[in-house]
Amino acid sequence: MDEITLLKELRADRAAMSARAEEAARARLMAEITGPAAAPRRGTRGRRLVFGALAGTAAVTTAVLVVPALGPEPLRDYANAAMRIERGNGTWRVEIKDAYADPGEFGRAFAKVGLDIDLRIVPVSPRRERRVIQVMMKEGRGSVPEGRTNSFSVSDCPADRPECPLTMTVSGDAESMRWQVWLGREARPGERYADGSPGLGREPVPGLRLIGRSVRDATALLRERGLKTAFHIDEFQPDGSGTAYEVDPSWRPSGGRRVTDAWPFSSDTVTLLVSSRPGDPKPVPGADLFGD
Amino acid sequence: MTAVDAELIEAGDGEIIRSSLDEPERFAVLFDRYARQVHRYVSRRLGTQLADDIVGETFLIAFRRRETYDPARTLARPWLYGIATTLMARHRRSEERFLRALQRTGTDPLPEPMAETVVRRVAAGAQERTLAGALARLPRGDRDVLLLVAWADLSYGETAQALDIPLGTVRSRLHRARRRLREALGGADPTREEN
């Protein structure tokens with residue numbers, strides 16, 4: 001077997017890009033595409049690309065473009081000191097001067113034009129501040145015509161200033177959908193991160209390998225660094241399906257069990273994931289739940 | 001599921017990029033076509049987390065630079081891999097550290113995200129470990145050429161285009177890289193023809 005054949009086998013079993021990562025990358029691209037800097041060279045408005053379809057109540061972090069409903073519609077504007085909302089050709093464009101200001105103010109403004117968008121500022125792990133970490137479409141307020149699609153795009157905060165001007169584009173049957181947008185802010189010491197989840201693919205503590213260690217060793221290493229431990233249990237199947245869930249904070253697995261994943265819980269706590277065994281506790285009500 | 005405008009299904013990449021100058025949203029078709037394969041390549045070199053970031057950056061940069069793309073080139077794959085390779089360069093030390101760790105311990109330090117798969121990691125065999133060490137010692141330019149050919153399945157011409165180097169340079173770097181790998185593996189027949 002020659003060296004190229006051997007090389008082709010090295011790491012050949014890497015997992016594919018996760019749906020979540022793909023949707024997040026697509027959302028970033030679409031925010032760039034629909035942003036003001038990407039205006040077409042000429043003022044043409046042709047048929048727009050149907051990029052994807054959103055349906056049901058699945059949580060999504062994505063942005064799509066849709067076919068405009070009918071012909072041009074009258075603009076419906078709303079503006080106050082904090083934001084501006086414009087509607088044209090079946091698309092809403094929202095410009096917020098500072099998303100870190102009073103999110104309740106934005107909800108009232110959205111309601112005035114018939115949109116249901118819940119913008120939440122949530123504490124996140126380092127490096128994710130000032131980024132939109134999740135866009136969810138909740139259950140609709142009415143029925144969506146068969147075959148219609150909806151789209152939502154939103155930009156991250158620019159890095160060069162403390163405030164966060166935000167641009168959202170919503171189209172399709174936006175009035176019949178309920179949207180929830182999570183924007184990250186710096187967490188306070190000990191404050192739980194809203195973006196903790198398995199599958200980050202990297203160790204949570206630089207220079208410290210936790211994944212694969214015993215629970216005993218991992219918790220000892222974290223303790224040496226002044227870090228506490230929280231536990232999640234996974235019920236993942238070999239094909240990747242299944243769930244991982246949060247358990248009562250007082251529960252501790254036996255020291256010999258293996259850590260299968262780890263991620264930051266807060267500035268002073270790391271979540272360790274262990275695979276389920278008979279007798280393990282079930283999820284606590286309202287717990288984090290990841291997966292299918 | 002992604003629905004694509006019918007008239008764009010058969011369009012070449014060059015046509016897609018050209019039309020995106022007037023209708024920017026058409027650029028998204030390239031993401032559908034190539035994001036996963038670029039991610040797979042970057043993930044093999046740097047792991048999933050960095051691959052997630054680099055793939056996102058790659059398509060943002062490509063979109064911003066689309067006016068510079070030669071529409072006569074019907075395949076954008078080399079162009080996209082070239083952008084990704086440039087972004088990966090800043091992580092060269094991490095990549096070499098991962099490879100040396102694989103050589104030293106037999107365990108690949110590039111973790112899989114749990115949501116995707118449950119894999120029982122089998123310790124890497126002696127040849128894999130040797131290969132990892134040899135890869136770590138290659139000059140970055142040689143490693144880029146070698147892995148674009150071996151892992152991204154780019155042709156020599158596409159690799160030259162991706163890295164913006166002459167075809168002859170691709171051949172010489174590949175020859176040198178393969179010789180070093182062979183020497184590390186115990187010196188297989190150096191006169192054997194390349195495939």
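The dialogue below takes these features one at a time.

Q: What kind of model is this, and how are its parts numbered?
A: This is a predicted model, in which local features need pLDDT of at least 70 and side-chain atom pairs count only at pLDDT 80 or more, while totals for chains, interfaces and linings use all residues. Residues are numbered from 1 along each chain as its sequence is written, chains are lettered from A and ligands numbered from 1 in the order in which they are written, and side-chain values use heavy atoms, with hydrogens and water left out.

Q: At what angle do helix 3 and helix 5 of chain B pack?
A: Two packed helices are described by the angle between their axes and the distance between the axes. Helix 3 (residues 28-46) and helix 5 (residues 77-89) of chain B pack at about 40°, with their axes 10 Å apart. Helices (H or I, at least four residues) are DSSP runs numbered from the N terminus, and axes are lines fitted to C-alpha atoms, for helices over the stretch in contact, with angles from 0 to 180 degrees between N-to-C directions. Helix 3 and helix 5 of chain B are therefore oblique to each other, given that angles under 35 degrees count as roughly parallel, over 145 as roughly antiparallel, 65 to 115 as roughly perpendicular and the rest as oblique.

Q: Which residues of helix 3 and helix 5 of chain B meet?
A: Contact means heavy atoms within 4.5 Å. Among the residues that meet are B:Tyr34, B:Tyr41 and B:Arg45 in helix 3 of chain B, and B:Trp79, B:Leu80 and B:Met88 in helix 5 of chain B. By class, this contact of helix 3 with helix 5 of chain B has eleven nonpolar, one polar and two charged residues, where Ala, Val, Leu, Ile, Met, Phe, Trp, Tyr, Cys and Pro count as nonpolar, Asp, Glu, Lys and Arg as charged, and the others, Gly among them, as polar.

Q: How is helix 2 of chain A placed against helix 3 of chain B, roughly parallel or roughly antiparallel?
A: Helix 2 (residues 19-34) of chain A packs with helix 3 of chain B at about 155°, their axes being 11 Å apart. That makes helix 2 of chain A roughly antiparallel to helix 3 of chain B. Residues including A:Arg26 and A:Leu29 of helix 2 of chain A meet residues including B:Phe31 and B:Asp32 of helix 3 of chain B, and by class this contact has six nonpolar, no polar and four charged residues.

Q: How many cavities are found, and what lines the largest cavity?
A: On a 1 Å grid over the protein atoms alone, a cavity is a set of points where a 1.4 Å probe fits but cannot get out, and lining residues have an atom within 4 Å of a point. Grid points are joined across faces, edges and corners, and a volume is the space filled by probe spheres set on the points. A search of the whole structure finds two cavities of 30 Å³ or more, and the largest has a volume of about 50 Å³. Its lining includes B:Arg45, B:Met88, B:Glu95 and B:Asp144, and by class has two nonpolar, one polar and six charged residues.

Q: Where is B:Asp153, and what is its phi?
A: Most residues other than glycine have a negative phi. B:Asp153 has a positive phi of about 60° although it is not a glycine, and lies in the loop between helix 8 and helix 9 of chain B. B:Asp164, also not a glycine, has a positive phi of about 55°, and its place is in the loop between helix 9 and helix 10 (167-184) of chain B.

Methods
Helix = DSSP H or I, 4+ residues; strand = E, 2+ residues; numbered from the N terminus. 1 Å grid on protein atoms, 1.4 Å probe; cavity = no way out; pocket = protein on both sides within 12 Å on 5 of 7 lines; lining within 4 Å.
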